[in-house]
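Biologist: I have a predicted model open and would like to learn how to read its features carefully, starting from single residues. Could you give me the general idea each time, and then the case here?

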Amino acid sequence: MWGANAMSGVVNVLTRSPRELARDGGGNAVTIGFGGFNPDVTGRDESAGTLFYVNGSHATAVNDKWSYKVSAGYFTQDALPRPAGTLPSGTPYPLYANTGTSQPKVDARVDYDMADGARLTVSGGVAGTEGLIHTGIGPFDVDNSSSLGYATVRYTKGGRRVAFFTNLLNGDASNLLTRGVNGLPVELAFDTKTFDIEAGDVYAIGTRHALSYGGNFRHNAFDISIAPDAENRNEGGAYVQDEIFLGNQFRWLIGGRLDKFSSIDGAVFSPRTTFMYKPAADQTFRVSLNRAFRAPSLINNHLNVNILTPVTLPVVGLFALPTAAVGNPDLEQETLTAFEIGYTGVVAPRTTLSASVYWNNTDGSIGFTPVVFYSPAAPPPGWPLPPAFVPPNTLPSRYTYLNLGTVKDKGIELGVDTALNPYLSAFVNYSYQWMPEIEDFPAGVTINDVNWPPENRFNIGANVNYMKWLGTFSVNYTDEAYWQDVLDARFAGTTDAFTLVNGSIGYRWLNEKIVTTLKLTNIGNQEVQQHIFGDILRRQVVGEVRFGF
């Protein structure tokens with residue numbers, strides 16, 4: 001991945017057009033699901049949780065030019081269980097009440113297919129939500145009035161595209177962990193608007209060059225209560241890329257992107273290059289180098305809130321000291337430079353192998369860290385002990401965001417995907433990531449101030465599609481991982497390794513007009529915690545029926 005906001009990858013979801021859905025008989029469908037999950041955790045039993053969802057869609061081609069699709073859905077789920085006991089640091093897990101979620105949504109799309117092969121698409125929708133969102137200063141309980149709306153207009157013809165979209169996000173939330181100096185939960189009110197226009201094209205030069213080029217401009221308008229100084233941000237960029245065919249066996253891709261954010265001094269250049277060797281049409285060896293970056297977020301730059309930090313003192317017990325949490329407008333971007341050597345190839349009629357080794361360097365890693373501490377000469381307000389008992393460089397009076405230094409990661413990834421016969425396919429993959437290394441971090445900042453990913457991850461599974469039956473089965477192992485991204489060391493720690501066993505079985509009725517499916521997640525009913533401060537996931541069973549018309 002390369003360019004702006006591609007630090008961790010990009011998810012690109014491709015869906016069939018309304019005309020394709022109508023043609024293939026999938027234009028009208030209703031899906032209903034109902035299930036439950038085990039909410040018990042060690043040290044605490046709770047009543048069973050439930051979930052329910054319903055989704056419906058209608059797509060049709062009116063004539064050879066016009067087609068449309070409308071869809072709507074609703075999802076609701078009871079609260080997941082919170083862990084009991086204490087974190088590895090010894091801090092008790094906060095006893096706030098977890099909340100469930102309800103999420104309605106509606107969406108519409110209209111396509112106009114032109115005689116010259118071009119297509120104009122207009123779409124829009126709105127969705128609502130409520131429930132918890134976990135953040136670096138603790139979970140926010142989002143009010144059920146919160147909503148996200150979007151609208152987009154897109155023109156495509158071959159490799160050419162021009163598009164405009166807007167996202168409108170509005171809502172309110174209360175923090176369940178962090179309190180302001182008034183003793184009340186930190187409140188968050190947000191009203192953000194994003195407007196983006198982009199254009200791009202692909203152009204063949206002779207028989208050996210495929211040139212891609214384009215750019216975009218985005219305007220963001222903000223009204224966020226915990227960042228009152230932030231109003232707007234502009235960002236724009238342009239890219240060009242050439243895929244050069246050096247013969248039947250060699251191919252070289254080279255490109256660059258230049259971006260300018262109003263929140264960053266100077267423009268940021270992101271290069272990308274990949275050299276490919278294809279000894280056969282279905283075998284590819286590659287060597288790639290690419291750069292991506294993440295601009296400081298609005299909160300990174302403009303956070304401004306005073307919070308209470310609780311500490312336990314001898315004799316006194318619990319004491320809350322005021323701490324300022326502020327943004328840093330002078331932050332530079334985080335930059336990821338990635339180098340990879342990889343292979344992908346078909347080694348049998350229906351078996352694909354993949355292997356890669358990578359080295360990633362993240363420069364200017366942005367972290368939330370204390371920068372000023374109370375001292376015997378300047379104790380916290382209301383300090384209940386003699387000033388001499390204030391421990392030096394321990395009790396923070398001010399947090400902010402800093403470019404901490406360089407984090408180095410490296411790892412390997414291996415995979416096999418095969419079709420054993422026309423009805424059964426299987427996959428297995430494994431990844432290993434070495435412990436990160438840090439360089440040029442400020443004094444006092446250690447490896448414990450960055451997250452450590454799981455060293456080992458292993459997945460194996462199979463898919464069955466035989467006559468009227470269909471099913472899946474998978475086993476997923478994730479090694480222990482270290483997390484430190486909620487406030488400070490009080491809430492840092494290592495999650496246990498876990499194994500998830502998942503499966504589903506389905507049956508098609510009435511010429512596939514009805515499909516019933518039973519889905520099971522975490523069949524072994526382990527207490528799975530994917531983040532040290534996260535919720536607990538136990539066994540979940542869902543029954544689903546899909547009606548096609």
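**Reading exposure, charge pairs, rings and contacts**

Modeller: Asp 24 is partly exposed, because its relative accessible area is 44% and that class lies between buried (under 20%) and exposed (over 50%), with a 1.4 Å probe and protein chains only. This is a predicted model, in which local features need pLDDT of at least 70 and side-chain atom pairs count only at pLDDT 80 or more, whereas totals for chains, interfaces and linings use all residues. Residues are numbered from 1 along each chain as its sequence is written, and side-chain values use heavy atoms, leaving out hydrogens and water.

Biologist: Which side chain does Asp 24 meet in a salt bridge?

Modeller: A salt bridge requires a side-chain nitrogen of Lys or Arg within 4 Å of a carboxyl oxygen of Asp or Glu. Here the partner of Asp 24 is Arg 23, at 3.1 Å from N to O, and Arg 23 is exposed, with a relative accessible area of 61%. By this rule the model has 22 salt bridges.

Biologist: How do the partners Asp 488 and Arg 490 compare with that, and are they buried or exposed?

Modeller: Their side chains meet at 2.8 Å, N to O; Asp 488 counts as buried at 16% relative accessibility, and Arg 490 is buried as well, at 19%. Some salt bridges also share partners, and in this way Arg 19, Arg 109, Asp 111, Asp 113 and Arg 119 are joined into one network. One of the bridges to look at there runs between Arg 119 and Asp 113, whose side chains meet at 2.7 Å, N to O. Of these two, Arg 119 is partly exposed, with a relative accessible area of 23%, while Asp 113 is buried, with 13%.

Biologist: Turning to aromatic rings, how many aromatic pairs are counted?

Modeller: Rings of Phe, Tyr and Trp (its six-membered ring) pair if their centres lie within 6.5 Å, and the angle between planes then sorts them: under 30 degrees is stacked, over 60 is edge-to-face and the rest are tilted. The count by this rule is 16 aromatic pairs. Among them, Trp 66 and Tyr 112 are tilted, with 4.7 Å centre to centre and 50 degrees between the planes. This pair links distant parts of the chain, 46 residues apart, since Trp 66 belongs to strand S4 (residues 66-77) and Tyr 112 to strand S5 (residues 101-113); helices (H or I, at least four residues) and strands (E, at least two) are DSSP runs, numbered from the N terminus. Trp 66 is partly exposed at 42% relative accessibility, and Tyr 112 is partly exposed at 24%.

Biologist: And what is the geometry of Tyr 277 and Phe 285?

Modeller: That aromatic pair is stacked, with centres 6.2 Å apart and 25 degrees between the planes. Tyr 277 counts as partly exposed at 31%, and so does Phe 285, at 39%.

Biologist: Finally, which residues does Glu 334 touch?

Modeller: Contact means heavy atoms within 4.5 Å. Glu 334, in strand S17 (residues 334-348), is buried at 9% relative accessibility. Not counting residues up to four places away in sequence, Glu 334 touches Met 7, Ala 292, Phe 293, Arg 294, Asp 363, Gly 364, Ser 365 and Ile 366. Follow Ser 365 next: its place is the loop between strand S18 (351-363) and strand S19 (366-373), and it is buried, with a relative accessible area of 11%. Besides Glu 334, and again leaving aside neighbours within four places in sequence, Ser 365 is in contact with Leu 402, Asn 403, Leu 404, Gly 405 and Val 407.
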